[in-house]
Amino acid sequence: RFYRTFADAKWDILEGKVKYVQWELVVLEFGDNTVILPVEWQIKGKTYNVGDTIKVLLKEIRKQWSDIILEITESDPEYIAAVMKKYIP
């Protein structure tokens, strides 16, 4: 079910809410789903607060053993292009 939720969203901008921040990991909620935004895909120097809504680019979704890996980013140059494509006519 989790995989199907995001399978068609590859290269889309997703909006998630910060559930909690633990050390450098930011944990986001997308509806009923929880996803980790690792430090290497965050904006350097940005402060993430619980309850903040942020937009991320879903670059990749794949199955690895029994896990489903979502590669989401807020710092990749493709993120800017995707945001502009989606929100600027």
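A: Lys 59 and Glu 71 meet through their side chains in a salt bridge, 3.9 Å from N to O. A salt bridge is a side-chain nitrogen of Lys or Arg within 4 Å of a carboxyl oxygen of Asp or Glu. Lys 59 is in strand β4 and Glu 71 in strand β5, so the pair ties together parts 12 residues apart in sequence. Helices (H or I, at least four residues) and strands (E, at least two) are DSSP runs, numbered from the N terminus.

Q: What kind of model is this, and how are residues numbered?
A: This is a predicted model, in which local features need pLDDT of at least 70 and side-chain atom pairs count only at pLDDT 80 or more, while totals for chains, interfaces and linings use all residues. Residues are numbered from 1 along each chain as its sequence is written, and side-chain values use heavy atoms, with hydrogens and water left out.

Q: Are Lys 59 and Glu 71 buried or exposed?
A: Buried means under 20% relative accessible area, exposed over 50%, and partly exposed in between (1.4 Å probe, protein chains only). Both Lys 59 and Glu 71 are buried; Lys 59 counts as such because its relative accessibility is 16%.

Q: Which residues does Lys 59 contact?
A: Contact means heavy atoms within 4.5 Å. Apart from neighbours within four places in sequence, Lys 59 is in contact with Lys 10, Trp 11, Glu 71, Thr 73, Asp 76 and Glu 78. The side chains of Lys 59 and Asp 76 also make a polar contact at 2.7 Å. A polar contact is a pair of N or O atoms within 3.5 Å; within protein, one must be able to donate a hydrogen and the other to accept it, and residues adjacent in sequence count only if both atoms are side-chain atoms.

Q: Where is Thr 73, and what does its side chain reach?
A: Thr 73 is found in strand β5, and its side chain reaches the backbone nitrogen of Asp 76 at 3.1 Å. Thr 73 counts as buried because its relative accessibility is 2%.

Q: How many salt bridges does the structure hold?
A: Side chains of opposite charge can pair when their charged atoms come close. The structure holds 7 salt bridges. One of them joins the side chains of Glu 15 and Lys 55 (3.0 Å, N to O). That pair links distant parts of the chain, 40 residues apart, with Glu 15 in strand β1 (residues 13–22) and Lys 55 in strand β4. Glu 74 forms a salt bridge with Lys 46, their closest N and O atoms being 2.8 Å apart. Here Glu 74 is in the loop between β5 (67–73) and α2, and Lys 46 is in the loop between β3 (33–37) and β4, 28 residues apart. At 5% relative accessibility Glu 74 counts as buried, whereas Lys 46 is partly exposed at 33%.

Q: How many bridges join β1 to β2?
A: Two strands pair if DSSP finds at least two bridges between them. For β1 and strand β2 (residues 25–30) there are 5 bridges, and the strands run antiparallel. Tyr 20 stands opposite Val 27 in β2. The two strands form a hairpin with 2 residues between them, and Trp 23 in the turn has a positive phi of about 55 degrees.

Q: What is the bridge partner of Glu 29 in β3?
A: The partner of Glu 29 is Thr 34. β2 and β3 pair in the antiparallel sense over 5 bridges.
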